[in-house]
Amino acid sequence: MRSRGRVWGRRRPAVVALVAVLVVAAAAVVTFRVLAPAEVLTPARADYPAPVRAATGVVGTLASAPLIVDGRLRVYATARQIRADEPVDARTRRTPYWSYRRWPAELIGIVASGTTVVSRWSDGDLVALDARTGRIRWRADGPPPGHGYDGRRTGASTVYTPAGLIPATGSGGRAVLVVIGGSGLRGLDLSDGHELWRIDIDGSCRAGALTTTAGQLVTVDACASPQVAEFHDVETGRMVNRWRPEDAGPELAVVPVGCGNGGSNCPALRTTSAGNSRGWLVDRGEPTPMPLLDPTEAVLEGDVALTPSGNELVARSVREGTELWRRTGPGPMRIVAVQPGLVHLLTDGHELITLNSTTGAQRSSFPLVAGDEVVPWRPGFAYAADGFVAVERLAQAAPPDAADAQFYAAPQPVILAAS
(Lines give C-alpha, C1' and ligand atoms only; values in the text may rest on other atoms or scores of the structure.)
Protein backbone atom coordinates (compact mmCIF):
# COMPACT_ATOMS: atom_id res chain seq x y z
CA MET A 1 0.00 0.00 0.00
CA ARG A 2 1.27 3.42 -0.92
CA SER A 3 1.82 5.85 1.81
CA ARG A 4 -0.64 8.72 1.80
CA GLY A 5 2.13 10.94 3.01
CA ARG A 6 4.23 10.15 -0.06
CA VAL A 7 1.27 10.88 -2.41
CA TRP A 8 0.60 14.18 -0.68
CA GLY A 9 4.27 14.99 -0.86
CA ARG A 10 4.28 14.53 -4.65
CA ARG A 11 1.03 16.52 -5.08
CA ARG A 12 1.84 19.33 -2.69
CA PRO A 13 3.85 21.51 -5.16
CA ALA A 14 1.00 21.36 -7.70
CA VAL A 15 -1.59 22.23 -5.06
CA VAL A 16 0.51 25.10 -3.75
CA ALA A 17 0.95 26.38 -7.30
CA LEU A 18 -2.80 26.19 -7.93
CA VAL A 19 -3.58 28.05 -4.71
CA ALA A 20 -1.04 30.71 -5.63
CA VAL A 21 -2.67 31.16 -9.04
CA LEU A 22 -6.10 31.48 -7.44
CA VAL A 23 -4.81 34.03 -4.92
CA VAL A 24 -3.21 36.10 -7.68
CA ALA A 25 -6.39 35.88 -9.76
CA ALA A 26 -8.53 36.95 -6.79
CA ALA A 27 -6.17 39.81 -6.08
CA ALA A 28 -6.37 40.85 -9.73
CA VAL A 29 -10.18 40.89 -9.54
CA VAL A 30 -10.11 42.95 -6.35
CA THR A 31 -7.54 45.33 -7.85
CA PHE A 32 -9.62 45.71 -10.99
CA ARG A 33 -12.72 46.49 -8.97
CA VAL A 34 -10.88 49.07 -6.92
CA LEU A 35 -8.78 50.66 -9.65
CA ALA A 36 -10.90 50.34 -12.78
CA PRO A 37 -12.78 53.47 -13.92
CA ALA A 38 -16.23 53.47 -12.37
CA GLU A 39 -19.26 55.56 -11.60
CA VAL A 40 -21.88 55.15 -8.93
CA LEU A 41 -25.30 56.71 -9.33
CA THR A 42 -27.67 56.78 -6.37
CA PRO A 43 -31.00 58.20 -7.59
CA ALA A 44 -33.67 59.87 -5.48
CA ARG A 45 -35.91 57.56 -3.47
CA ALA A 46 -38.29 60.25 -2.24
CA ASP A 47 -40.72 62.65 -3.92
CA TYR A 48 -39.35 65.87 -5.36
CA PRO A 49 -39.54 68.44 -2.53
CA ALA A 50 -41.59 71.62 -2.64
CA PRO A 51 -39.92 75.07 -2.73
CA VAL A 52 -39.04 76.47 0.69
CA ARG A 53 -39.82 79.88 2.15
CA ALA A 54 -37.58 80.11 5.21
CA ALA A 55 -37.90 82.50 8.13
CA THR A 56 -35.56 85.48 7.86
CA GLY A 57 -32.21 85.00 9.58
CA VAL A 58 -29.31 82.59 9.73
CA VAL A 59 -30.32 79.10 8.65
CA GLY A 60 -27.17 77.24 9.70
CA THR A 61 -23.63 76.33 8.70
CA LEU A 62 -22.37 73.90 6.07
CA ALA A 63 -19.10 72.18 5.25
CA SER A 64 -19.68 72.68 1.51
CA ALA A 65 -20.92 75.55 -0.64
CA PRO A 66 -24.48 74.97 -1.87
CA LEU A 67 -25.79 75.62 -5.37
CA ILE A 68 -29.54 76.09 -5.01
CA VAL A 69 -31.40 74.35 -7.83
CA ASP A 70 -35.03 75.09 -8.70
CA GLY A 71 -35.57 76.56 -5.23
CA ARG A 72 -35.83 73.00 -3.88
CA LEU A 73 -32.42 71.36 -3.62
CA ARG A 74 -28.90 72.20 -2.48
CA VAL A 75 -26.22 70.70 -4.72
CA TYR A 76 -22.61 70.29 -3.53
CA ALA A 77 -19.29 69.42 -5.16
CA THR A 78 -16.36 67.37 -3.92
CA ALA A 79 -13.35 66.09 -5.85
CA ARG A 80 -15.20 63.10 -7.31
CA GLN A 81 -18.84 63.46 -6.32
CA ILE A 82 -21.95 65.57 -6.80
CA ARG A 83 -24.62 65.28 -4.16
CA ALA A 84 -27.94 66.98 -3.49
CA ASP A 85 -29.85 67.38 -0.26
CA GLU A 86 -33.08 68.98 0.92
CA PRO A 87 -34.80 70.97 2.29
CA VAL A 88 -32.96 74.14 1.31
CA ASP A 89 -33.38 75.54 4.83
CA ALA A 90 -31.90 72.55 6.67
CA ARG A 91 -29.50 73.71 9.39
CA THR A 92 -26.76 71.29 8.34
CA ARG A 93 -26.02 69.05 5.39
CA ARG A 94 -28.47 66.15 5.14
CA THR A 95 -28.39 62.58 3.84
CA PRO A 96 -28.19 62.87 0.04
CA TYR A 97 -31.45 63.14 -1.87
CA TRP A 98 -29.37 61.81 -4.78
CA SER A 99 -25.66 61.52 -5.56
CA TYR A 100 -23.37 60.77 -8.47
CA ARG A 101 -19.73 59.71 -8.16
CA ARG A 102 -17.02 59.01 -10.75
CA TRP A 103 -13.51 57.59 -10.40
CA PRO A 104 -10.69 58.32 -11.23
CA ALA A 105 -11.96 61.44 -13.05
CA GLU A 106 -12.19 64.61 -10.97
CA LEU A 107 -15.03 67.11 -10.92
CA ILE A 108 -14.24 70.40 -12.68
CA GLY A 109 -17.50 72.33 -12.54
CA ILE A 110 -21.27 72.24 -12.10
CA VAL A 111 -23.94 74.45 -13.67
CA ALA A 112 -27.72 74.28 -13.37
CA SER A 113 -30.45 75.34 -15.77
CA GLY A 114 -33.99 74.73 -14.58
CA THR A 115 -34.00 71.12 -13.40
CA THR A 116 -30.91 70.10 -15.37
CA VAL A 117 -27.60 69.86 -13.48
CA VAL A 118 -24.57 69.52 -15.77
CA SER A 119 -21.19 68.37 -14.47
CA ARG A 120 -17.82 68.60 -16.22
CA TRP A 121 -15.04 66.12 -15.44
CA SER A 122 -11.27 66.06 -15.84
CA ASP A 123 -11.46 63.44 -18.62
CA GLY A 124 -13.62 65.82 -20.67
CA ASP A 125 -16.92 64.03 -20.04
CA LEU A 126 -20.06 66.10 -19.57
CA VAL A 127 -22.86 64.44 -17.58
CA ALA A 128 -26.31 66.02 -17.18
CA LEU A 129 -28.52 64.88 -14.32
CA ASP A 130 -32.23 65.42 -13.78
CA ALA A 131 -32.43 67.34 -10.49
CA ARG A 132 -35.85 65.80 -9.76
CA THR A 133 -34.63 62.20 -9.85
CA GLY A 134 -30.82 62.28 -9.88
CA ARG A 135 -30.84 60.14 -13.02
CA ILE A 136 -28.70 60.84 -16.08
CA ARG A 137 -30.44 62.89 -18.76
CA TRP A 138 -27.58 62.91 -21.26
CA ARG A 139 -23.82 62.66 -21.53
CA ALA A 140 -21.40 64.03 -24.10
CA ASP A 141 -17.72 64.40 -24.86
CA GLY A 142 -16.18 67.81 -24.34
CA PRO A 143 -12.73 69.29 -24.68
CA PRO A 144 -10.55 68.11 -21.76
CA PRO A 145 -10.00 70.95 -19.29
CA GLY A 146 -6.34 70.11 -18.65
CA HIS A 147 -6.60 70.19 -14.85
CA GLY A 148 -8.36 68.56 -11.94
CA TYR A 149 -10.58 69.57 -9.04
CA ASP A 150 -9.69 72.94 -7.53
CA GLY A 151 -12.61 73.58 -5.19
CA ARG A 152 -10.73 73.13 -1.91
CA ARG A 153 -12.80 71.96 1.08
CA THR A 154 -16.04 73.79 0.26
CA GLY A 155 -16.18 73.26 -3.51
CA ALA A 156 -17.22 76.91 -3.87
CA SER A 157 -15.25 77.67 -7.03
CA THR A 158 -16.56 74.46 -8.62
CA VAL A 159 -20.21 75.47 -8.20
CA TYR A 160 -19.97 79.28 -8.35
CA THR A 161 -17.24 79.86 -10.98
CA PRO A 162 -17.06 76.57 -12.92
CA ALA A 163 -14.04 76.59 -15.24
CA GLY A 164 -14.89 76.64 -18.94
CA LEU A 165 -18.56 75.71 -18.42
CA ILE A 166 -20.98 78.53 -19.24
CA PRO A 167 -24.75 78.40 -19.82
CA ALA A 168 -26.21 80.83 -22.34
CA THR A 169 -29.49 81.72 -23.99
CA GLY A 170 -29.31 82.22 -27.74
CA SER A 171 -31.00 85.08 -29.56
CA GLY A 172 -33.60 82.55 -30.72
CA GLY A 173 -34.27 81.40 -27.16
CA ARG A 174 -32.35 78.11 -27.28
CA ALA A 175 -30.60 77.09 -24.04
CA VAL A 176 -26.94 76.46 -24.87
CA LEU A 177 -23.98 75.17 -22.90
CA VAL A 178 -20.57 76.57 -23.92
CA VAL A 179 -17.55 74.44 -23.02
CA ILE A 180 -13.96 75.65 -23.31
CA GLY A 181 -10.89 73.44 -23.07
CA GLY A 182 -7.44 72.75 -24.43
CA SER A 183 -8.71 71.71 -27.87
CA GLY A 184 -11.06 74.63 -28.37
CA LEU A 185 -14.66 75.76 -27.95
CA ARG A 186 -17.87 73.73 -28.09
CA GLY A 187 -21.54 74.69 -28.10
CA LEU A 188 -24.07 72.06 -26.93
CA ASP A 189 -27.84 72.08 -26.79
CA LEU A 190 -28.57 72.11 -23.06
CA SER A 191 -31.76 70.10 -23.48
CA ASP A 192 -30.17 66.94 -24.91
CA GLY A 193 -26.38 67.48 -25.10
CA HIS A 194 -26.03 67.28 -28.86
CA GLU A 195 -23.24 69.36 -30.35
CA LEU A 196 -24.33 72.54 -32.13
CA TRP A 197 -20.89 73.75 -33.17
CA ARG A 198 -17.18 73.47 -32.45
CA ILE A 199 -14.14 75.64 -32.99
CA ASP A 200 -10.87 73.70 -32.90
CA ILE A 201 -8.23 76.13 -31.68
CA ASP A 202 -5.63 76.27 -28.94
CA GLY A 203 -7.83 76.65 -25.88
CA SER A 204 -4.92 77.97 -23.83
CA CYS A 205 -5.15 81.14 -25.94
CA ARG A 206 -8.69 81.82 -24.65
CA ALA A 207 -9.19 83.91 -21.51
CA GLY A 208 -11.95 85.76 -19.69
CA ALA A 209 -14.89 83.80 -21.10
CA LEU A 210 -18.49 84.91 -20.49
CA THR A 211 -21.83 84.80 -22.28
CA THR A 212 -24.11 87.79 -22.79
CA THR A 213 -27.84 88.41 -22.66
CA ALA A 214 -27.58 89.19 -26.38
CA GLY A 215 -26.75 85.52 -27.03
CA GLN A 216 -23.02 85.88 -27.58
CA LEU A 217 -19.90 84.23 -26.19
CA VAL A 218 -17.07 86.62 -25.35
CA THR A 219 -13.48 85.42 -25.00
CA VAL A 220 -10.13 87.16 -25.19
CA ASP A 221 -7.62 85.97 -27.78
CA ALA A 222 -4.67 86.04 -25.41
CA CYS A 223 -2.25 84.93 -28.14
CA ALA A 224 -3.00 87.87 -30.44
CA SER A 225 -0.80 90.93 -30.36
CA PRO A 226 -2.40 93.15 -29.25
CA GLN A 227 -4.93 91.01 -27.42
CA VAL A 228 -8.50 91.29 -28.68
CA ALA A 229 -12.00 90.23 -27.55
CA GLU A 230 -13.91 87.90 -29.85
CA PHE A 231 -17.72 87.68 -29.91
CA HIS A 232 -19.33 84.44 -31.16
CA ASP A 233 -23.01 83.63 -31.61
CA VAL A 234 -23.77 80.97 -28.97
CA GLU A 235 -26.21 79.04 -31.18
CA THR A 236 -24.00 78.77 -34.28
CA GLY A 237 -20.45 79.52 -33.11
CA ARG A 238 -20.18 82.14 -35.88
CA MET A 239 -17.83 85.01 -35.05
CA VAL A 240 -19.74 88.29 -35.10
CA ASN A 241 -17.11 90.72 -33.83
CA ARG A 242 -13.43 91.18 -32.98
CA TRP A 243 -13.18 94.17 -30.69
CA ARG A 244 -10.93 96.08 -28.32
CA PRO A 245 -11.33 99.49 -26.66
CA GLU A 246 -9.55 102.24 -28.57
CA ASP A 247 -7.40 103.23 -25.60
CA ALA A 248 -6.48 99.65 -24.58
CA GLY A 249 -2.89 98.58 -24.15
CA PRO A 250 -1.37 95.41 -25.63
CA GLU A 251 -2.94 93.19 -22.94
CA LEU A 252 -6.69 92.99 -22.39
CA ALA A 253 -8.90 91.30 -19.80
CA VAL A 254 -12.68 91.10 -19.54
CA VAL A 255 -14.61 90.72 -16.28
CA PRO A 256 -18.28 89.64 -16.10
CA VAL A 257 -20.72 92.20 -14.64
CA GLY A 258 -24.31 91.55 -13.60
CA CYS A 259 -24.19 87.87 -14.60
CA GLY A 260 -25.45 84.53 -13.45
CA ASN A 261 -23.05 81.95 -12.00
CA GLY A 262 -19.81 81.45 -13.87
CA GLY A 263 -20.19 84.50 -16.09
CA SER A 264 -23.42 83.41 -17.76
CA ASN A 265 -25.99 85.65 -19.48
CA CYS A 266 -24.18 88.89 -18.66
CA PRO A 267 -25.75 92.26 -19.54
CA ALA A 268 -22.40 93.99 -19.08
CA LEU A 269 -18.66 93.47 -18.80
CA ARG A 270 -15.65 95.40 -17.60
CA THR A 271 -12.39 95.63 -19.52
CA THR A 272 -9.07 96.18 -17.79
CA SER A 273 -6.00 97.21 -19.73
CA ALA A 274 -2.92 99.34 -19.08
CA GLY A 275 -4.17 100.08 -15.55
CA ASN A 276 -7.55 101.37 -16.77
CA SER A 277 -10.95 99.89 -16.00
CA ARG A 278 -13.96 100.55 -18.25
CA GLY A 279 -17.55 99.33 -18.09
CA TRP A 280 -19.58 98.32 -21.14
CA LEU A 281 -23.16 97.23 -21.73
CA VAL A 282 -23.32 94.20 -24.03
CA ASP A 283 -27.02 93.35 -23.77
CA ARG A 284 -27.66 94.56 -27.32
CA GLY A 285 -24.60 93.09 -29.00
CA GLU A 286 -22.14 95.87 -29.75
CA PRO A 287 -20.32 97.06 -26.56
CA THR A 288 -21.64 100.43 -25.36
CA PRO A 289 -19.51 102.49 -22.95
CA MET A 290 -21.04 102.74 -19.49
CA PRO A 291 -18.97 104.95 -17.12
CA LEU A 292 -21.14 104.01 -14.12
CA LEU A 293 -19.62 100.54 -14.34
CA ASP A 294 -16.00 101.71 -14.61
CA PRO A 295 -15.21 101.35 -10.87
CA THR A 296 -14.07 97.81 -10.08
CA GLU A 297 -16.41 97.70 -7.06
CA ALA A 298 -19.50 98.69 -9.12
CA VAL A 299 -22.24 96.05 -9.42
CA LEU A 300 -25.16 95.78 -11.85
CA GLU A 301 -28.52 94.33 -10.82
CA GLY A 302 -31.08 94.57 -13.58
CA ASP A 303 -31.00 98.19 -14.77
CA VAL A 304 -29.53 99.49 -11.51
CA ALA A 305 -25.83 100.32 -11.13
CA LEU A 306 -24.75 100.04 -7.49
CA THR A 307 -21.56 101.69 -6.30
CA PRO A 308 -20.34 101.29 -2.71
CA SER A 309 -17.88 103.78 -1.28
CA GLY A 310 -16.90 103.46 2.37
CA ASN A 311 -20.08 103.69 4.43
CA GLU A 312 -22.24 104.80 1.49
CA LEU A 313 -24.03 102.97 -1.31
CA VAL A 314 -25.42 104.86 -4.32
CA ALA A 315 -27.88 103.36 -6.83
CA ARG A 316 -28.35 104.90 -10.27
CA SER A 317 -30.20 104.02 -13.43
CA VAL A 318 -27.53 102.42 -15.58
CA ARG A 319 -28.88 103.89 -18.83
CA GLU A 320 -30.03 107.32 -17.69
CA GLY A 321 -27.50 107.94 -14.93
CA THR A 322 -30.13 109.38 -12.60
CA GLU A 323 -29.77 108.66 -8.89
CA LEU A 324 -32.45 106.30 -7.63
CA TRP A 325 -31.52 106.12 -3.97
CA ARG A 326 -28.64 106.42 -1.54
CA ARG A 327 -27.92 104.67 1.74
CA THR A 328 -25.44 105.76 4.40
CA GLY A 329 -24.46 103.37 7.16
CA PRO A 330 -22.59 103.77 10.43
CA GLY A 331 -19.52 102.06 8.94
CA PRO A 332 -18.05 100.51 5.79
CA MET A 333 -20.27 98.18 3.75
CA ARG A 334 -19.52 95.86 0.87
CA ILE A 335 -21.80 94.22 -1.66
CA VAL A 336 -21.37 90.47 -1.22
CA ALA A 337 -24.10 89.27 -3.60
CA VAL A 338 -27.14 90.26 -5.61
CA GLN A 339 -30.14 88.37 -6.92
CA PRO A 340 -33.15 89.57 -8.90
CA GLY A 341 -34.57 92.61 -7.11
CA LEU A 342 -32.22 92.38 -4.12
CA VAL A 343 -28.75 93.54 -3.07
CA HIS A 344 -26.99 92.01 -0.06
CA LEU A 345 -24.56 94.13 1.97
CA LEU A 346 -22.12 92.97 4.63
CA THR A 347 -20.72 95.35 7.24
CA ASP A 348 -17.36 95.03 8.97
CA GLY A 349 -19.31 93.85 12.03
CA HIS A 350 -20.82 90.97 9.98
CA GLU A 351 -24.29 92.48 9.74
CA LEU A 352 -26.10 91.23 6.63
CA ILE A 353 -28.39 93.91 5.19
CA THR A 354 -30.72 93.15 2.30
CA LEU A 355 -32.24 96.00 0.27
CA ASN A 356 -34.65 96.27 -2.61
CA SER A 357 -32.28 97.11 -5.47
CA THR A 358 -34.77 99.43 -7.22
CA THR A 359 -36.07 101.43 -4.25
CA GLY A 360 -33.43 100.97 -1.55
CA ALA A 361 -36.10 99.83 0.93
CA GLN A 362 -34.67 97.55 3.59
CA ARG A 363 -35.97 94.01 3.48
CA SER A 364 -33.98 92.57 6.38
CA SER A 365 -30.99 93.12 8.63
CA PHE A 366 -29.41 90.69 11.11
CA PRO A 367 -26.01 89.50 12.38
CA LEU A 368 -24.51 86.86 10.09
CA VAL A 369 -23.59 84.70 13.06
CA ALA A 370 -24.45 81.08 13.78
CA GLY A 371 -25.91 80.81 17.28
CA ASP A 372 -23.41 81.79 19.96
CA GLU A 373 -20.43 80.97 17.72
CA VAL A 374 -17.68 83.58 18.01
CA VAL A 375 -15.45 83.32 14.94
CA PRO A 376 -13.42 86.15 13.42
CA TRP A 377 -13.65 85.86 9.63
CA ARG A 378 -13.59 87.62 6.29
CA PRO A 379 -15.89 86.77 3.37
CA GLY A 380 -14.72 84.50 0.57
CA PHE A 381 -17.09 83.28 -2.13
CA ALA A 382 -20.65 84.56 -1.71
CA TYR A 383 -23.78 83.43 -3.53
CA ALA A 384 -27.46 84.36 -3.53
CA ALA A 385 -30.52 82.67 -5.05
CA ASP A 386 -34.20 82.17 -4.26
CA GLY A 387 -34.04 84.43 -1.20
CA PHE A 388 -31.02 82.66 0.33
CA VAL A 389 -27.44 83.90 0.79
CA ALA A 390 -24.39 81.69 1.35
CA VAL A 391 -21.02 83.13 2.37
CA GLU A 392 -17.68 81.38 2.82
CA ARG A 393 -15.94 82.36 6.05
CA LEU A 394 -12.16 82.60 5.65
CA ALA A 395 -9.57 83.07 8.37
CA GLN A 396 -8.68 86.72 8.78
CA ALA A 397 -5.03 86.57 7.77
CA ALA A 398 -4.72 83.27 5.90
CA PRO A 399 -2.75 83.50 2.62
CA PRO A 400 -4.30 81.94 -0.51
CA ASP A 401 -1.92 78.97 -0.39
CA ALA A 402 -2.63 78.09 3.24
CA ALA A 403 -3.77 74.56 4.06
CA ASP A 404 -7.54 74.22 4.43
CA ALA A 405 -7.30 73.90 8.21
CA GLN A 406 -5.74 77.37 8.35
CA PHE A 407 -7.50 78.87 5.32
CA TYR A 408 -11.06 78.56 6.64
CA ALA A 409 -12.31 80.20 9.82
CA ALA A 410 -14.36 77.23 11.04
CA PRO A 411 -14.85 73.49 10.44
CA GLN A 412 -18.25 74.40 8.91
CA PRO A 413 -17.00 77.37 6.88
CA VAL A 414 -20.14 78.25 4.87
CA ILE A 415 -22.89 80.19 6.61
CA LEU A 416 -26.36 80.11 5.04
CA ALA A 417 -29.05 82.71 5.67
CA ALA A 418 -32.55 83.50 4.45
CA SER A 419 -33.08 87.15 3.63
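What follows is a short exchange about some terms used for this predicted model.

In this predicted model, local features need pLDDT of at least 70 and side-chain atom pairs count only at pLDDT 80 or more, while totals for chains, interfaces and linings use all residues. Residues are numbered from 1 along each chain as its sequence is written, and side-chain values use heavy atoms, with hydrogens and water left out.

Me: Why is the pair of Phe231 and Trp243 called edge-to-face?
Reply: Rings of Phe, Tyr and Trp (its six-membered ring) pair if their centres lie within 6.5 Å, and planes under 30 degrees apart count as stacked, over 60 as edge-to-face and the rest as tilted. The ring centres of Phe231 and Trp243 are 6.2 Å apart and their planes stand at 85°, so the pair is edge-to-face.

Me: What makes Phe231 count as buried?
Reply: Buried means under 20% relative accessible area, exposed over 50%, and partly exposed in between (1.4 Å probe, protein chains only). Phe231 has 1% relative accessibility, and therefore counts as buried; Trp243, with a relative accessible area of 11%, is buried.

Me: Why is the pair of Phe407 and Tyr408 called edge-to-face?
Reply: The centres of the rings of Phe407 and Tyr408 lie 5.0 Å apart with their planes at 85°, so this pair is edge-to-face. Both Phe407 and Tyr408 are buried.

Me: How do you know that the charged end of Arg93 sits over the ring of Tyr76?
Reply: A charge sits over a ring if NZ of Lys or CZ of Arg is within 6 Å of the ring centre and within 35 degrees of the ring normal. The charged end of Arg93 sits over the ring of Tyr76 at 5.6 Å from its centre, and that of Arg102 sits over the ring of Trp121, 5.3 Å from its centre.
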